[in-house]
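Please keep the structure in view while reading.

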Amino acid sequence: MRDSLAPLQWEKGELWILDQRKLPAREVWIQCHTYKTVAEAIETLAVRGAPLIGIAAAYGAALAAQQKDATRESIMEAIERLRQTRPTGHNLFHDLAQMEHVVNQRGGRLAEKVLAEARRIHAEDMARCEAIAGHGVGLMEEGEQVLTYCNTGALATGGIGTALGVIRKGFLEKKVSHVFVCETRPLAQGARLTLWELVRLKIPCTVICDNMAAALMGTDEIQRVLVGADRIARNGDTINKIGTYMLALLAAYHEIPFHVAAPSTTMDLSIGSAEEMEIEERDSWELIRGVPGLARLQGYDVWNPAFDITPAGLIQSFITERGIEEPPFA
Ligand code: MRU
């Protein structure tokens, strides 16, 4: 039986990916022999969450490197294909740049050093999650009720998670007493994945529809909002799951601290503000299938951006592995 809170597992030259599309109903594992299967898993959201996507892609490159006829060029081709899978999350590009660097280094056996680099990227993300959790918990008072969004836990990272890692550690240290989880439409990463993690960890939790967040904040039940990030610009503008911006506005109105927890590998210091970034738009079907009968109706358009931009001014602080940070980032 595999540990499903470790959704990427390298075993005897193969990568096993927990298929997150099937959760929470079933735990199904995808066996990957080639980088192409990994690329498809990223595109179809079988594996998702900015840090985990980067790690999966790194292992994808390792699979390319261990093919019998592998050359520098064939691994570079695989890296290029993996880079095309999702445009917004920064970790994918950060981690693949590191893989590329190792492939280009002279000396050593290609397959071995590429796999070693993928493992190193995985282990480093795990360590960053622990450090983020430690710093985040330092911000909290005893017994807080917190609100979170999307999934930022073990299913989204190489370790215990970013925002959800803070919550997990906070619960162990009695800083967190209850977690409210937004459903996170259209793909319900909150209701399907975060709840699944919280239930397994026996952390008391309540799911709400996304449109209940204002009413919940108005009850004074929430002491803090913690979310993750897919890409953070130098000025602190943060791209995260669509709906994050709405939560940040609501938190500001209700004077509830709103924090972004993310590893430094999510920061893109090459962009001054998030306006410079491409926001992934996904297939309309993802939204339509969530509403019974909608597929039969004709004559309307669908807008389905996967992410939105929260302006830096709405974010109280950034929790990274280095500590509590404020923009501009250098
Ligand atoms: O489309 P997804 O499910 O990959 O989006 C995930 C998010 O937006 C997460 O909040 C983000 O990647 C941070 S995960 C630590």
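**The sheet**

In what order do the strands of the open sheet lie? The order of its four strands is β11-β8-β9-β12, and the pairing is mixed. Strands are DSSP runs of E with at least two residues, helices are runs of H or I with at least four, and both are numbered from the N terminus. Two strands pair if DSSP finds at least two bridges between them.

At the edges are β11 (267-268) and β12 (307-310), each of which pairs on one side only. Strands β8 (residues 231-233) and β9 (residues 238-241) run antiparallel and are joined by two bridges. Within this pair, Arg231 stands opposite Ile239 in β9.

**Basis of the model**

The model is predicted: local features need pLDDT of at least 70 and side-chain atom pairs count only at pLDDT 80 or more, while totals for chains, interfaces and linings use all residues. Residues are numbered from 1 along each chain as its sequence is written, and side-chain values use heavy atoms, with hydrogens and water left out.

**Aromatic pairs**

The structure holds two aromatic pairs. Rings of Phe, Tyr and Trp (its six-membered ring) pair if their centres lie within 6.5 Å; planes under 30 degrees apart count as stacked, over 60 as edge-to-face and the rest as tilted. The Trp10 and Tyr59 rings are stacked, because their centres are 5.6 Å apart and their planes at 20°. Trp10 lies in strand β1 (residues 8-11) and Tyr59 in helix α2 (residues 50-65), so this pair ties together parts that are 49 residues apart in sequence.

Phe318 and Phe329 form an edge-to-face pair, with 5.1 Å centre to centre and 85° between the planes.
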